[in-house]
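Please find below a colleague's note on the structure, arranged as numbered points.

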Amino acid sequence: MRLTTRRRSRVAPESTLVEALRQRLRPDQVRSGATELHLYRHDASNLAGRAEVVCFAESADDVRAVVEVANEHGVPFVPRGSGTGLAGGAVPPDGAIVISTTKMDRIISVDPLNRVAWVEPGVLNLDLSTRIAHLGVHFAPDPSSQQTCSIGGNVANNSGGPHCLADGVTSAHVLAVEAVLADGSVTVLGGVDPEPDGYDLRGAFVGSEGMFGVATKVCVKLTENPVDVATMLLDFGDVADGAQLVSDIIAAGIVPAAVEMMDQLCLRAVEAFIHAGLPVDQAAALLIEVTGLPHDVAAQVAEIRRLAVARSVGGVRVAADDEERALLWKGRKSAFGAIANIKPNYYLHDTVVPRHRLPDVLEQVYEIAERHELLVLNVFHAGDGNLHPLLVYDATEPGVTERVHAAGHEIVRASVAAGGVLSGEHGIGLEKRDLMPLMFSDVDLAAQAALRRAFDPAGLANPDKVLPSPAGCGDRHTVASAADGVWV
Amino acid sequence: MGLNGDELDEQLRLFAHEVGDVDPVTVMGLGSRGGAPGGPGVRTVRAPAGIGWVQPAEMTIRCGAGTPVDDVDDVLAEHGQCIAFPPGGTIGGALAVGRSGVRRLGWGPIRDTLLQTRYVSAAGDLVKAGGPTVKNVSGFDLCRLLVGSHGTLGFLGDVILRTRPRPVNQQWFRSDRDPWAVLGDLYRPTSVLWDGATTWALLDGHPADVVERAASAGMEPTDGPPALPEAARWSLPAAELAVLRDHEPGTFVAEIGVGIVHHTGPAPTRVADATVVDLHDRIKAEFDPTGRLNPGVAVLPGA
């Protein structure tokens, strides 16, 4: 960590750094006004830092120029997409340069037959699928924030989403990444061909949370649109029955495109928001989507019905048309917006447990929330065992923020103790950095640190995220908590 | 072939001890993918073999890296599941080489199957990478780095793999139609192969869907895929497979939509980018500073 100290002591006066950047980019691409700096001090997490300057890159050359200036001045830099990250991955360490890629939003090429596309990192996730829909293909990863999150952010966080159950997370849909590495060199990691020579640098880069460099072009794999789709809503009087059905379905050899669960509190909040006729008096509902060819889809729907009856299902609603399907999905994807009707603030967690542990871990989540006198809603990717407990509260209530954090830590610990992992799709960032030892030993973490050093020997690319600091080093960059964050 | 968790853990400790922290060492599987590099003064070790557990409802399996792929397939068959591995050899060998089978188009690459591993580092430590669940973004993705690294960064000890449902019904079809026309007509085929004259496709799913889809693509059922030329394995962008139209039919079998070509002729030479070479050197230096793991193995041939 001494490097950090030296770096900070060498930070040039603001005007020198900003001036150097303005010599490499157009002045309007380099912003250091109070408004911009305030805006870019946090992402969608409850954490905030302090950027020195924000650069709006329009090309790989721009990114390279900024990274070169960062190296010349010994100043850390933070790549940033749409800022929808929930783990603080895009929060700038004190005095950093934020590199925004939102203006790099071109779809460069699309090959619908061989199912690949080159895109710039600022292309929004849903925009890509919408703009190529007429070609019969889409980009499979679909985070709930897909209307606003960017492909570059998806690459940084190896993002998931409801449809990753059958199709896999972002890493499985990225063939190659053109990246500006931490020293300013530009290269392509991976390849459009299926077996590039050498180490899978593409695979190492995806999910590296901006700590290995900045993606400037991404070659994504496209997925053929399904011929037939059935979207089902099944409700249960007992959360455990719904959770158990998820394992039953998978064990029966069916891998639906998506299996999502909403508990009663969530169903009620969403129903008040979108009026979709959701089963608000039931304990939980599963939203299940199966896709494929017509006979396969019909057979899977029948089998899921049969299994559901054995788990005391209440109602089974199958969307009659695209309109009803869209309404059911709107319910799932707008859940977080609906929460505002209950309490003004919420904290969203993200852990994964083995599917068969869902019933008992959910029970623990309710118990933890009750003990801390908090309301908890559960809306999550049940098929993946990917929990998203949502603690809702009013931040003006004295002491509540401490209780939210304490409950959150207990939920993470309970998930890992059940054989699960710290994060399924939000990433580690700052939020869970110091919880990494729950999953990894010092030796395990040293191997991850070694990979980081290989990509970024100087430690300038988004420092202080993901890896906990060794004990005794107290000179990390300052990152202050935000009192007025979106999520807390 | 079954082991309980404690037995596998104990075998892992022994394996780590055997690898140790000094002198050149190589790891041996069944020798089906070229075998261990060996050489004078290089010790040979073998990874633990045996299946720790199968969790059908999780679609995961834990086994030693030295377990034969075919043994894993037999055990998974009892649960109606399988793994996206090419047949033969050991699990660790297949992962170390990182080559997928001809079902990659539908089943995805082998690199996506590795969820967690405990590998032995050059320092002789057991290091855990990844996590036991299918969805996991906790920390950097060392699993992807290890697949295809030919044992030059660490020796895989045990692994947790993602399984997939075993197709209840699958059938190979053939036709003399253009392979890209076939690819366009079929819905998510498991494999499409082409030798310059004939196109083969593997479809799985509900029998009625398979029959209807094959008929609409103008294909006839056939016994199986063609024999694959073994002299060379090319890797091209899928869109560039069209260059094979100028090659003698029958001298190759191309995986359409993927880009692998099994060819009788040598693969085109590739030159590695200097920045990529630097990155490789730095990674190797971090993970194996003395170069004791699988010495002499060139992971980046064009460097």
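1. Among contacts in chain B between residues at least 6 apart in sequence, what percentage join residues at least 24 apart? The value is 66%, where a contact means that the C-beta atoms of two residues, placed from the backbone, lie within 7 Å.

2. Conventions. The model is predicted, so local features need pLDDT of at least 70 and side-chain atom pairs count only at pLDDT 80 or more, while totals for chains, interfaces and linings use all residues. Residues are numbered from 1 along each chain as its sequence is written, and chains are lettered from A and ligands numbered from 1 in the order in which they are written.

3. Overall form of chain B. Along the principal axes, the C-alpha atoms of chain B fill a box of roughly 60 × 45 × 35 Å. Buried residues account for 51% of the 303 residues in chain B, a residue being buried if 20 or more other C-beta atoms lie within 10 Å of its own, exposed if 12 or fewer, and partly exposed in between, with C-beta atoms placed from the backbone.

4. Secondary structure of chain B. Eight helices and 16 strands are assigned in chain B; helices (H or I, at least four residues) and strands (E, at least two) are DSSP runs, numbered from the N terminus. Seven of the strands form an open antiparallel sheet in the order 13-10-12-11-15-16-14, where pairing requires that DSSP finds at least two bridges between two strands. Strand 13 (220-222) and strand 14 (232-235) of chain B are at the edges with a single partner strand each, so one side of each has no neighbour in the sheet. The twist averages 25° from one strand to the next; axes are lines fitted to C-alpha atoms, for helices over the stretch in contact, and angles run from 0 to 180 degrees between N-to-C directions.

5. Two bridges pair strand 11 (residues 191-194) with strand 15 (residues 252-255) of chain B in the antiparallel sense, and Leu193(B) stands opposite Glu255(B). Helix 7 (residues 207-216) of chain B lies across strand 10 (170-175) and strand 12 (199-204), at about 155° to strand 12 of chain B.

6. A sheet in chain A. Five strands of chain A form an open sheet with antiparallel pairing, in the order 6-7-11-9-10. Strand 6 (107-111) and strand 10 (186-190) of chain A each have a single partner strand, so one side of each is left without a neighbour in the sheet. Four bridges join strand 7 (residues 116-119) to strand 11 (residues 213-221) of chain A, and Trp118(A) stands opposite Cys219(A).

7. Helices 10 and 12 of chain A. The buried residues of helix 12 (residues 322-333) of chain A are Leu328(A), Gly331(A), Arg332(A) and Lys333(A); their packing partners include helix 10 (264-274) and strand 15 (284-292) of chain A. The buried residues of helix 10 of chain A include Cys266(A) and Leu267(A). His275(A), which follows helix 10 of chain A, has a positive phi near 50°.

8. Interface. In all, 70 residues of chain A are in contact with 68 residues of chain B. Helix 16 of chain A gives the most to the side of chain A that touches chain B, with nine residues.
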